[in-house]
Each structure stands twice: as C-alpha cells, then as structure tokens.
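Reader: I would like to learn how to read the strands and helices of a protein model, one feature at a time. Could you take me through it slowly?

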Amino acid sequence: MSGLSELKQAALMNTLRGCRLFQGLPPADLQEIVAITLTKRLEKGEYLFHEGDPTHGFFVVQNGRINVHRVSAAGKEQVIHVFGPGASFAEGTLAGDAGYPADARALESSQVLLVQRQEFVALLRRQPELVLRMLGSMSQHLRVLVGLIEDLTLKDVETRLAHWLLKRCARPNTNTPVAIELPMTKRVLAAELGTVSETLSRTLAKFRKQKLLVVSGKKVTVLNPTALAQLLRRNLGEEP
C-alpha cells in the first residue's frame with residue numbers, strides 16, 4: 001500500500017471512528033466498513049441525491065455541511081436537518097427500496113463517505129450488534145424529526161427562533177452573553193424554522209430591539225440567555 005493510500009485509509013478510519021454510529025468498534029470492524037466505503041466530493045450547492053433517487057447506501061459527513069430537506073408542491077423548501085462532520089444520515093433507506101425520502105445538498109464545499117448498501121447489509125448479517133447501533137442512530141434522527149414537527153406546529157417563528165438559539169447555548173441558565181456561530185446561511189436557517197428570510201430578519205430585529213441579542217455576520221450573541229428563556233416560557237404559556 002502506497003503512502004498516499006495509507007493516509008486516505010487512515011482519514012476514512014478517523015471519520016468513521018468519530019461517527020456516533022461506529023464509536024467503540026474495534027479497528028478490525030472499522031476496517032471492514034472502510035473496505036465498503038466510497039468517497040464523494042461535493043461543491044457548494046451540488047446535490048448528493050434527490051427525493052426518490054435509488055438508494056446506494058447511507059452517508060457520513062467527512063467535512064463540510066449537508067442540508068437534507070424536502071420541497072413542497074408549492075416549491076417551498078423545508079429543512080429537515082443540517083448534518084456536519086462526523087454525522088451520519090439516510091440509514092433508514094437500508095430497510096427498503098423506496099429510494100431516498102428527501103433531497104440532500106451541500107451548503108459548502110464538502111466531502112462525504114458513502115457506505116454501500118448491499119455490502120453493509122451483508123456485514124449486518126455477520127455482525128448483529130451493528131443492528132442495535134443502527135436502531136440507536138435512527139432513533140436519534142426520529143427525535144430530531146419529532147422536535148421539528150413540534151416546533152413547526154406548536155410555536156410561532158419568534159418562539160421557534162428562541163428555542164433554536166437556547167438549544168445552542170452552552171450555558172442557557174446564565175446572564176452572561178453566549179456567542180453562537182451560525183452553521184448555515186440565514187436563508188437556510190429560515191427554512192429550518194419553517195419561515196422565510198424576511199420574517200426571520202424581522203424576528204432577529206425584534207430581539208435586538210429587546211436587547212436579547214446582537215448579530216454580526218454569521219455570529220449571533222445571546223446577551224442574556226436567562227431573559228431569552230423567560231420569553232420562551234411565556235410564549236409557551238409556562239409562566240404568566
């Protein structure tokens with residue numbers, strides 16, 4: 001094996017080792033997965049797959065960010081989740097032949113690993129303990145979807161944004177400012193929150209006027225997480 005090939009194999013091993021789905025697997029098992037894994041490079045805006053495309057396997061993000069979304073009949077994009085380095089997605093497609101259930105597009109120059117479907121299913125038959133890991137990973141994705149449905153059906157945009165920001169505050173119960181680096185454009189964030197850029201901008205401006213946050217480029221600083229949390233509870237009817 002050449003030096004370049006060894007470096008590539010080591011990079012694949014490190015990415016898989018950092019993926020929750022494969023954490024704790026012994027090197028020999030990881031090597032088996034590396035052997036059935038392909039690397040795909042995506043430019044910003046390039047699609048990885050479209051809804052209904054034949055399933056070739058599931059993916060692990062090596063670097064960059066992948067926006068998984070669906071588009072309504074009216075052409076409105078609803079972001080399901082944005083996956084970053086080390087995250088896996090589309091595992092559920094291993095169980096059927098219906099094709100990918102959504103679209104996936106690179107938000108920036110990205111590289112993903114494709115764990116090939118047929119070969120991985122054969123590996124699952126040989127190593128049943130991996131099935132439990134798959135169930136755990138899909139359960140985590142289900143919790144994300146349930147949270148998304150709750151956000152979209154039970155809350156207005158102001159409440160959804162407050163909830164989104166607080167989930168990303170390392171110290172949500174403090175009066176000390178907390179900086180949050182947006183992992184996406186405001187347009188994509190608006191789509192994830194089930195709204196449009198103009199409404200998101202108005203909501204951010206409202207929060208700025210209330211001295212709850214400041215925005216500088218892709219950095220949002222929550223000035224008083226405790227106050228933002230109080231607003232969230234009031235909007236949810238949890239306090240007068």
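Reader: Which residue in β11 does L213 stand opposite?

Author: L213 stands opposite V222 in β11. The model is predicted, so local features need pLDDT of at least 70 and side-chain atom pairs count only at pLDDT 80 or more, while totals for chains, interfaces and linings use all residues. Residues are numbered from 1 along each chain as its sequence is written, and side-chain values use heavy atoms, with hydrogens and water left out.

Reader: How many bridges join β10 to β11, and what counts as pairing?

Author: Two strands pair if DSSP finds at least two bridges between them, and strands are themselves DSSP runs (E, at least two residues), just as helices are runs of H or I with at least four residues, numbered from the N terminus. Here 4 bridges join β10 to β11, residues 219-222, and the two strands run antiparallel. Besides the pair already named, V214 stands opposite T221 in β11. The two strands form a hairpin with 2 residues between them, and G217 in the turn has a positive phi of about 65°.

Reader: In what order do the strands of this sheet lie?

Author: The order is β9-β11-β10, in an open sheet of 3 strands with antiparallel pairing. Because β9 (178-181) and β10 (213-216) each have a single partner strand, they stand at the edges, and one side of each is left without a neighbour in the sheet. The twist averages 20° from one strand to the next, where angles run from 0 to 180 degrees between N-to-C directions and axes are lines fitted to C-alpha atoms, for helices over the stretch in contact. On the β9 side, 4 bridges join β9 to β11 in the antiparallel sense, and E181 stands opposite K219.

Reader: What is the strand order in the open sheet of 4 strands?

Author: That sheet has the order β2-β7-β4-β5, with antiparallel pairing. Its edge strands are β2 (47-49) and β5, each of which pairs on one side only, and neighbouring strands are turned by 30° against each other on average, direction ignored. Strand β4 (residues 66-71) pairs with β5 (residues 77-83) over 6 bridges, and it is joined to β7 (residues 103-106) by 4 bridges. N67 shows both pairings, for this residue stands opposite V82 in β5 and has R105 as its bridge partner in β7. Between β4 and β5 lies a hairpin with 5 residues between the strands, where G75 in the turn has a positive phi of about 90°.

Reader: At what angle do α5 and α8 pack?

Author: Two packed helices are described by the angle between their axes and the distance between the axes. Helix α5 (residues 157-167) and helix α8 (residues 225-235) pack at about 140°, with their axes 9 Å apart. That makes α5 oblique to α8, since angles under 35 degrees count as roughly parallel, over 145 as roughly antiparallel, 65 to 115 as roughly perpendicular and the rest as oblique. The crossing is left-handed, a term used if the near helix is turned anticlockwise from the far one by less than a right angle, with right-handed used if clockwise.

Reader: Which residues of α5 and α8 meet?

Author: E158, T159, A162, H163, L165 and L166 in α5 meet P225, L228, A229, L231, L232 and N235 in α8, where contact means heavy atoms within 4.5 Å.

Reader: Is α5 mostly covered or mostly uncovered?

Author: Helix α5 is mostly covered, with 10 of its 11 residues buried, including W164 and R160.

Technical notes. Buried < 20%, exposed > 50% of the residue type's maximum accessible area, 1.4 Å probe, protein only.
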